[in-house]
Amino acid sequence: MNWNAVLPEIVLSIAVLIIFLTDLFFEKRHYKFGMFLSGFAPILALLSLPFVSFPAKAFFDVFYVENTNIIGKGILYLITSLSILSSYDYFKRKNSEYGELGYLMLVSSLGLSLLMSSANLGLLFISLELSSITLYILIGLFRKDYLSKEASYKYLVMGTVGTSMLAFGSVFYYASTGSLFLKRYSETNSLFLLGLLLILSAIALKVSSVPFHFWTPDAYEGAPTPITAYLSTAPKLSLYFLLVNMASYFSHMKVWFVLIGLFALLSMFYASFVAYAQKSVKRLLAYSSIAHAGYFLLGLVSVDKTLSSALLFYVSVYTFAALGSFVILAIFEKRDGFSHTFSDYKGIGRYDTLLASFLSLFLFAMIGIPPMALFVGKLGIFMGLLKLDLMLLAVLFLIFSLISAGYYLRVVVYMFMESGEKRWHKLHLSSGETLTILVCLLAIFILGLFPNLLYELIIKGL
């Protein structure tokens with residue numbers, strides 16, 4: 001057994017056990033210390049990555065480590081740490097200091113870390129469910145709030161459908177190939193096509209792609225906002241790193257191109273227009289996530305180094321923009337009576353100019369305005385599609401990206417150009433919230449000005 005290959009996962013597992021046991025004995029007044037302990041655990045996992053020898057395999061070859069998923073895991077651990085550190089003050093203000101918050105997020109990240117290294121559908125199923133089950137609990141963490149419980153239940157029901165599709169898809173995959181290992185397959189028998197359809201549909205549900213997106217707006221709106229920040233970033237990052245690996249095995253098949261292209265176009269079209277009808281900023285960002293699912297899926301229509309590297313770069317920097325946005329929304333929500341309707345955002349730039357400005361920068365980044373890093377990601381996907389002579393997809397990608405600018409700018413207009421009736425008091429930022437916002441801002445600007453810092457690492461790993 002090659003234990004070195006699973007070193008970061010071992011670190012996370014030990015941390016989960018330690019934090020779980022200490023939570024049994026800690027009183028409520030030690031909640032802040034427990035959260036800092038939880039936030040430090042992913043950093044230890046991140047620091048263990050340079051000691052992992054790769055490429056390597058473990059657990060009878062169902063688990064593999066190579067350069068690309070090492071990069072993905074590094075970003076995942078950083079996002080997890082920031083999500084935990086930025087959430088403790090929010091839950092304290094809401095009088096919901098649950099000690100299980102920290103280790104549940106670590107368990108979810110452990111599942112996502114295993115997911116990125118899955119070379120077998122069995123491990124893929126277990127790791128995805130390990131993450132999903134903890135997310136169902138985290139979304140319903142406001143135990144006395146109806147919307148939180150409703151969101152958790154809806155995601156549970158939809159997630160169960162995804163679980164069933166993945167399980168049935170794996171059965172058909174095994175029936176046609178004689179193995180659960182992901183491998184190149186050239187025959188086009190009906191069992192294999194049905195299996196691939198079900199597996200891709202299950203993953204499309206998890207990445208919020210149309211037509212499996214219905215849980216997303218309700219889950220994003222009903223969940224505690226720091227949980228929404230984690231939900232909108234970490235699982236998406238891991239799943240796209242997984243999909244890039246899957247594309248290397250199946251993208252030569254016409255059915256892969258048709259399914260991925262269809263999911264991408266439906267997501268971009270639907271979300272780009274429905275987002276304009278939203279009355280809640282939180283739901284608007286949920287539809288933004290659905291639209292981005294379409295953008296990301298375009299990077300999977302074919303295996304090409306330019307396209308795949310652009311996708312991985314794009315989804316990596318997107319996680320920082322999305323995390324920063326939701327952390328600021330969580331800070332706003334610490335005010336009594338703040339509900340994320342557009343009326344609540346009217347004139348908020350006059351009372352919290354700095355926070356409103358930071359939120360605007362994150363929204364500009366999602367539009368793809370240079371010099372922010374998401375512009376580089378979008379440009380890379382556009383050029384990759386042109387390189388493969390997929391002109392129609394490239395033009396549609398450009399059109400829907402331009403359409404999306406309107407609903408992001410609508411939030412900025414409400415914050416700075418509308419006058420509101422409500423007079424909000426000044427907010428106190430915790431050290432974790434301040435750190436998260438600064439790291440996310442630095443990430444999107446530095447990687448926008450110097451994209452090769454990450455781009456070259458991804459290209460070398462592919």
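User: At what angle do helix α2 and helix α5 pack?

Analyst: Helix α2 (residues 31-48) and helix α5 (residues 100-116) have axes 8 Å apart. Helices (H or I, at least four residues) and strands (E, at least two) are DSSP runs, numbered from the N terminus; axes are lines fitted to C-alpha atoms, for helices over the stretch in contact, and angles run from 0 to 180 degrees between N-to-C directions. The packing angle is about 15°.

User: Are α2 and α5 roughly parallel or roughly antiparallel?

Analyst: The model is predicted: local features need pLDDT of at least 70, side-chain atom pairs count only at pLDDT 80 or more, and totals for chains, interfaces and linings use all residues. Residues are numbered from 1 along each chain as its sequence is written, and side-chain values use heavy atoms, with hydrogens and water left out. Angles under 35 degrees count as roughly parallel, over 145 as roughly antiparallel, 65 to 115 as roughly perpendicular and the rest as oblique. The two helices, at about 15°, are therefore roughly parallel.

User: Which residues of α5 make the contact with α2?

Analyst: Contact means heavy atoms within 4.5 Å. From α2, the contact involves Tyr-31, Met-35, Ser-38, Ala-41 and Pro-42. Their partners in α5 are Leu-101, Gly-102, Tyr-103 and Leu-106.

User: Why is α14 described as largely enclosed by the rest of the structure?

Analyst: Buried means under 20% relative accessible area, exposed over 50%, and partly exposed in between (1.4 Å probe, protein chains only). Helix α14 comprises residues 305-333. It is largely enclosed because, of its 29 residues, the number buried is 27.

User: Is Phe-60 buried or exposed?

Analyst: Phe-60 is found in the loop between β1 and β2, and its phi is near 60°, a positive value in a residue other than glycine. Most residues other than glycine have a negative phi. With a relative accessibility of 81%, Phe-60 counts as exposed.

User: Which residues does Phe-181 touch, not counting those up to four places away in sequence?

Analyst: Phe-181 lies in the loop between α7 (146-177) and α8 (190-206). At 29% relative accessibility, Phe-181 counts as partly exposed. The residues that Phe-181 touches are Phe-60, Asp-61, Val-62, Ala-119, Asn-120 and Tyr-173.

User: What is omega for the cis peptide bond that joins Pro-370 and Pro-371?

Analyst: Most peptide bonds are trans. Pro-371 lies in the loop between α17 (353-367) and α18 (373-387). For the cis bond joining Pro-370 and Pro-371, omega is about 10°.

Definitions and conventions. The expected span of a helix is 1.5 Å times one less than its number of residues.
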